[in-house]
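Trainee: I have the sequence and the structure open side by side. Could we go through a few features together?

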Amino acid sequence: MPFNSQTVLIVAAILFALGLVGVLTRKNIIFILISVEIMLNAAGLAFVAAGMRWGQPDGQIMFLFVLAMAAAEVSVGLALVLQAHHQYRSLDIDQMKALKDEVPG
Amino acid sequence: MTVLQHVLIVLGVLFVLLNIAAGLIWVERRMLAMWQERLGPNRAGPFGILIVLADTLKLFFKEDWIPPFADKWIFITAPAIVVASVLMGFVIIPFTPTIIVADLNVGLLFFLAMSSLGVYSIVLGGWASNNKYSLLGALRGASQMIAYEVFMGLSLMGVVMMTGSFKLSDIVMAQKNMWFIVTQPLGAIIFFIAGIAETHRLPFDIPEAESELIAGYHAEYSGMKFGMFFIGEYLGITLISAMMATMFFGGYLGPAFLPPWAWFFLKTFAFILFFILLRASLPRPRYDQLMETGWKVLLPLVLLNILVTGAVLLWLKG
Amino acid sequence: MPVLFYIASVVAIISTLMVITRYQPIHALLYLVVSFLAMAMIFLSLGAPFVAILEIILYAGAIIVLLIFVVMMLNLGKDTALQERQWLQPKTWVGPSILCLVLLTELVILLFRSPEVPMQVKPVPMRAVSIALYKEYVIAVELAGFLLMAGIVGAAHISKHRKKHLHRFLQEEAKGPQRRAEKLTMIREKESTEAVLPAEKKPVKKT
Amino acid sequence: MNNLIALIPAFPFLGFLLLFLIGRQLPKPFIAWIGAGTVCAAAVLVLLLGIQFLQAPPADGAYTQTLWQWLSTGHFSCAFRFRIDALSLVFVFVITFVGALIHLYSVAFMKEDRDYARFFASMNLFVFAMLVLVMADNLLLLYLGWEGVGLCSYLLIGFWYETPANCRAANKAFYITRIGDTAMAIGLFLLFKELGTLTIPDILNASPTHFQQGASNTTLIALLLLAGGMGKSAQLPLQTWLPDAMAGPSPVSALIHAATMVTAGVYLIARMHVVFQLSPLAMAATAVVGGLTLLVAGFSAMVQTDIKRILAYSTISQIGYMFLALGVGAWSAAIFHFFTHAFFKALLFLAAGVVIESLHHEHNIFRMGGLKNRLPLVFKTFLAGAAALAALPFVSSGFYSKDQILWYTWSAGGGSPVLWMLGISGALITAFYTARLVIVVFYGEMKTPVSTYPAKLMTVPLVILAVLSVVAGFVEWPHNILHLSLFSELVQKVLPATILRTGIPSEIVFQGIAILLTLTGIYSGYYLYYRNTHVIGQWQQKPAFVAVRNFFFSGWGFDRLYNTVFVKPFVWMTDLNKTDFFDQINKGLASGSRQLNRWFSYSQNGSLRWYVAGVLVGVLFILTLQLFV
């Protein structure tokens, strides 16, 4: 296999698909967060690869923004996980389906 | 530079570092004894220096016990991580103008990356032990190290701004006329404090506080695995001391009557002794005090340092 | 450095696969660290060392440590692993996996349709990245700052636990200034009325 | 004095503003002082003004005061100007004087009510609006007052709004008077189109030259104005709201629905007499309406059991007399009857209010009885009022005014024997139901014990009004007896004198017949309800009698008729309209979106993984499209 931009993008696509599988199959919120991180990372890889393809710094800059976004997302997400665990005594995402302020039950 | 030379440098650095780390067992005990007005190890060999050998043998022959309730693989991996990450940190240190394993142009960032990986040893060790005290120690260690990593990175940014490079050899050369301790005293102090916290040495040895958590994250460890943590700690001290010397005290630079490696060694050893002196003299702060100091005092200070440095640099440029 | 790239890619893919199939959260996170380190290697092989190092510092060094921190705080151990084993039955993962496989296939087909361009590994200097960051993208940088600020405030607010009792040291400290003590007792009273005790934990009056 | 007439409406308005804005915060005595005091002050002003007017009449026969220019657009300009001439003076006097007495009465009557301030605010506003109506210099200002009193009537009928029936009664009053008001508004537009002005003196001056006698446009305008008057004055066929309007408190019934507001129609027609005189058809219509109304209402009053409804029907009937008088051209007689009627009808309502209060809010007269000795003062005053209503010869004011009307219905220019027949049978019926009312309520055995006795503040107005009910008629005696005509002389400064026909029998004959019939009516009431009560009982066995009685009781079935003729077809049409094609489209849209919403809401199940799968399917869709292009 020659080393060209498609190869890198295919690696990114594989990682993204794996992350997506994780989001879709896991019930535990922590695993979902992990999978989201994988997907973000794959997207970042695609950005960097695109940037390197043209020899431009923009791809790396986009990766930096992805990084900042991931950091903010994880901090808020984990705070929510803590509260959810505090309230539901479980991390099952399917238990948190209530759209209104219904009593979980 | 041939491949052979490269391999020689790597092996040489490794050899020296491991020996220093072992030797520090004796140094620390003697020094503590001196400052606490007692004798310390003085039986084996001249000045008791063979205590190093004795200790090592003892560690090797102890029963290597893995608790049945532990997560075996992580339990084994954890002590390896600390040594590996600290040793990786030495990769970018210029011992002399020629003796340097890899002079990366992101050298400083590489050092920070490796030190941030060091936290895994504590966290995983504490978690894998499946023990209340270990878990608490690991929790403390995780939050402490995440917090102090931030200041550690930021405190070095003043130096980077003045040098204009992440490459450590550039940073050393930039101190030819004046050490950065003169222009960046605040950065140096904060870096040192953060360094103590990163190596979780006294007074910031909260993850392993004996009086509260027995031994914290390595309570379940014994034998050579415990030894790895032990060596990792001494290597960490050495790394932070070497970084102090490199970043703020001119590294291997010095008057020509001594070779560069000697200068580097002297400066580093001075900081190692300072580490030991701190252990001998300071009490341990409370955990919440540690975190509050970090976020509420050091973070604003270090940001101020960056701001002032940037402003002065812009002003000097005109 | 194609060889480096291929090795790192294989490691990344395998470790990611391990991440999403683990039962133990900690194991998954460790594989994730490996995956990210491999990703950093990919970046390095692509000629982006700055991004590679940031990947390690921020992802491996901070974000995953945060995740591990939470896992430890919630003490997700063997029970969680057992539950994950129950949850992760084939009937739950086959369907989504096939969907994702279809997605991947389509992506790969689409990628191979585009003309092949050999990757010239000519590292973009870090200085160029920094200058672009603070020139063209300065507004985006500021927005990212806002985002992080909002993240900090949001996380601090959401995860604020109502403390039921103070540590004895803090209680001693609180006794000093009278006002603060009063405030604390007020808060405590409010919370004690609000707190919903589980039925079995309610104090039973001795007869 | 000339510059002070604006103060007369200003006082009640001030009271209204104070009570409306800060009334809730004031203690009850304060509210009473403001509410009653302002009207009393206005009454004192009117008394002074009236004395001055009688002693030294103004040169042009009227006091005027211009406050400010109200509107000015194109050719139309309208000033906020008050004008008091002899006709207005009579009305202003009655409004303020009777109004002041009723306010004083209300101070005690409404004492227990929690909406004390709201009551007095509405009453003050009513007095203000009524004064604006009668003092207006132009018809637009009059219309302002006209709608103002309508509004206050609505507010006060529905004063106890917590009972749904009261709200319905208020709505009914508002809707039905609106029919008349709309007609009147159209009349005003036509008048403005013809004459280019709405100022009353200008209209009165310009009409005879501009309009031709009996021309169709004149008739149209006059009929439209008549329709307005019919609505407000509860004349056939718009009379159905007044009996229901008794849902309001008794002082409200006394002031608004007996003494003042309902006579606004009389005032309007008298005010516009020039226009009416130009149209014989409108005059005849007025007379016929009045004559029919008085009979219809009289028959209904005969069988009512609710004391206030009897009085309400009698009010409609008495206003019918006024319209009858207006229609035949006996202008001053109509105003004279308004004058006396205001006193005795207000008295009757106030006394009825006392009776109702005393008997635990009992309205049914057949559960009263025997109150003669229990409430002697109320009995005496009520008797005075009832005598006036029944037109008891010589000793009551009603006799003098009604007798005059009956005489003119035959003898005046527009009169005819048919109209006289209507009036005289109405007199018989009036006497009968008045006697029935007094006997059933005050004689016989007591059926409900008296719980409370009226306060002094309630009895004093009763006494004053009782005295007036007796003596108010003495200002005008029949021509053949004493020939004292103080009132008609005053009024004829504004209104034309009644033209008598020639070749008619002597007045004494008519008086004799009227007296005879009145006494017959009274005796038959006395006989049927006191002496021989079993006669009624026998009659009640007969289905025919019961049917007639029920027919009268329901007010000649007008409510049912309107319900059948107007309300039901309208509702039917709207029902029909509700399901037409365009509504089907709208409904289809609504139900379609609701169905879609129902379907889509299945996808909104709160499950994160479900949402992610949805996103994935969407992405797959787009990518697949990409694959095949």
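Trainee: In the hairpin of β1(D) and β2(D), which residue takes a positive phi?

Mentor: Good place to start, and keep in mind that this is a predicted model. The hairpin has two residues between the strands β1(D) and β2(D). With a phi near 55 degrees, the residue you want is D:Gly74.

Trainee: How many bridges pair β1 with β2 in chain D?

Mentor: Strand β1 covers residues 62-73 of chain D, and β2 covers residues 76-85. D:Ser72 stands opposite D:Ser77 of β2(D). The two strands run in the antiparallel sense, and their pairing extends over 10 bridges.

Trainee: Is β2(D) mostly covered or mostly open, and how many of its residues are buried?

Mentor: Take buried as under 20% relative accessible area. By that cut-off strand β2 of chain D is mostly covered, and of its 10 residues the number buried is eight.

Trainee: Among contacts in chain D between residues at least 6 apart in sequence, what percentage joins residues at least 24 apart?

Mentor: A contact here needs heavy atoms within 4.5 Å. Once pairs are limited to those at least 6 apart in chain D, the share joining residues at least 24 apart is 80%.

Trainee: How much space lies in the largest cavity?

Mentor: There are six cavities of 30 Å³ or more. For the largest of them, the space comes to about 230 Å³.

Trainee: Which element gives the largest share of the lining of that cavity?

Mentor: The lining has 19 residues, and those closest to the centre include B:Val86, B:Met145 and B:Glu198. It divides into nine nonpolar, eight polar and two charged residues. Elements giving two or more residues are α3, α4, α6 and α11 of chain B. The largest share, six residues, comes from α11(B).

How values were computed. Residues are numbered from 1 along each chain as its sequence is written. Chains are lettered from A and ligands numbered from 1 in the order in which they are written. This is a predicted model: local features need pLDDT of at least 70, side-chain atom pairs count only at pLDDT 80 or more; totals for chains, interfaces and linings use all residues. Side-chain values use heavy atoms; hydrogens and water are left out. Buried means under 20% relative accessible area, exposed over 50%, partly exposed in between (1.4 Å probe, protein chains only). Helices (H or I, at least four residues) and strands (E, at least two) are DSSP runs, numbered from the N terminus. Two strands pair if DSSP finds at least two bridges between them. On a 1 Å grid over the protein atoms alone, a cavity is a set of points where a 1.4 Å probe fits but cannot get out, and a pocket is an open set with protein on both sides within 12 Å along at least five of seven lines; lining residues have an atom within 4 Å of a point. Grid points are joined across faces, edges and corners, and a volume is the space filled by probe spheres set on the points. Ala, Val, Leu, Ile, Met, Phe, Trp, Tyr, Cys and Pro count as nonpolar, Asp, Glu, Lys and Arg as charged, and the others, Gly among them, as polar.
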